[in-house]
Amino acid sequence: MGVAVGPIRVVVAKPGLDGHDRGAKVIARALRDAGMEVIYTGLHQTPEQIVDTAIQEDADAIGLSILSGAHNTLFGAVIDLLKEREAEDILVFGGGIIPEEDIPPLKEKGVAEIFTPGATTASIVEWVRENVRQPAASGG
């Protein structure tokens with residue numbers, strides 16, 4: 001497989017029953033404005049739908065937004081499905097209302113980063129640029 005070219009592609013998703021998507025839309029817009037291709041899946045997505053979208057769209061990363069408290073279950077399900085489908089090269093990060101004590105176990109499961117309330121869009125964009133594959137134009 002060759003080196004990926006073009007902008008970083010990120011699927012931004014709202015898994016589960018959480019109906020609040022303002023934060024996800026803000027992040028999606030910030031990533032888009034930073035030159036990334038963003039696929040926003042909308043509300044009430046299952047882990048299967050999210051992983052299917054990421055694979056079909058040849059995404060480099062999945063950004064999950066959860067406010068419902070189901071982060072341990074839903075983040076874990078996305079990670080497990082990526083492993084099952086041999087798509088572990090798709091980086092998973094997330095944010096929302098996630099207690100500090102839940103962050104280390106999520107990272108142990110394979111979530112690359114968690115952004116809690118107060119994280120700036122600039123810090124999220126910077127993290128994605130530094131941790132997701134570099135576009136070919138950067139000389140990478």
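# Notebook: charged residues and loops

I searched the whole structure for salt bridges and found seven. For this I took a salt bridge as a side-chain nitrogen of Lys or Arg within 4 Å of a carboxyl oxygen of Asp or Glu. The model is predicted, so I note that local features need pLDDT of at least 70, side-chain atom pairs count only at pLDDT 80 or more, and totals for chains, interfaces and linings use all residues. Residues are numbered from 1 along each chain as its sequence is written, and side-chain values use heavy atoms, with hydrogens and water left out.

**Entry 1: E57 and R9**

I looked up the pair E57 and R9, a salt bridge in which the closest N and O atoms are 2.8 Å apart. The two residues link distant parts of the chain, with E57 in the loop between α2 and β3 and R9 in strand β1 (residues 9–13), 48 residues apart. Helices (H or I, at least four residues) and strands (E, at least two) are DSSP runs, numbered from the N terminus. I then checked accessibility, where buried means under 20% relative accessible area, exposed over 50%, and partly exposed in between (1.4 Å probe, protein chains only). E57 counts as partly exposed because its relative accessibility is 32%, whereas R9 counts as buried at 19%. I also recorded that R9, E37 and E57 are linked in a network of salt bridges.

Which side chain does R85 meet in a salt bridge? I found D52 as the partner, at 2.3 Å from N to O. R85 lies in the loop between α3 and β4 and D52 in helix α2, so this pair ties together parts 33 residues apart in sequence. Both residues came out as partly exposed: R85 at 33% relative accessibility and D52 with a relative accessible area of 32%.

I next recorded the salt bridge between the side chains of D33 and R32, at 2.8 Å from N to O. D33 is exposed, with a relative accessible area of 54%, and R32 counts as partly exposed at 46%.

**Entry 2: a negative patch**

I noted a surface patch of negative charge in which D58, E86, E88 and D89 gather. Patches are made of residues with over 30% relative accessible area and no salt bridge; like charges are joined within 9 Å, and nonpolar side chains (Val, Leu, Ile, Met, Phe, Trp, Tyr) within 5 Å. Lys and Arg count as positive and Asp and Glu as negative, while His and the chain ends are not counted. The place of a charge is taken as NZ of Lys, CZ of Arg, CG of Asp or CD of Glu. Accessible areas come from the Shrake-Rupley method with a 1.4 Å probe, and for residues only the protein chains shown count as cover.

D89 counts as exposed because its relative accessibility is 63%. E86 is found in the loop between α3 and β4 and counts as exposed at 72% relative accessibility.

**Entry 3: D60**

Is D60 buried or exposed? I found that D60 counts as buried, because its relative accessibility is 14%. D60 lies in the loop between α2 (47–56) and β3 (61–66). Not counting residues up to four places away in sequence, D60 touches P7, I8, R9, D89, I90, L91, V132 and R133; contact means heavy atoms within 4.5 Å.

I looked up H20 in the loop between β1 and α1. H20 is exposed, with a relative accessible area of 57%. Leaving aside neighbours within four places in sequence, H20 is in contact with K14, L43 and L67. The C-alpha atoms of H20 and I66 are separated by 8.6 Å, and these residues are 46 apart along the chain.

D21 is found in the loop between β1 and α1 (22–33). D21 is buried, with a relative accessible area of 17%.

**Entry 4: positive phi**

Most residues other than glycine have a negative phi. I recorded a positive value at H44, near 60 degrees. H44 lies in the loop between β2 (37–40) and α2 and is partly exposed, with a relative accessible area of 43%. For E86, phi is near 50 degrees, a positive value in a residue other than glycine.
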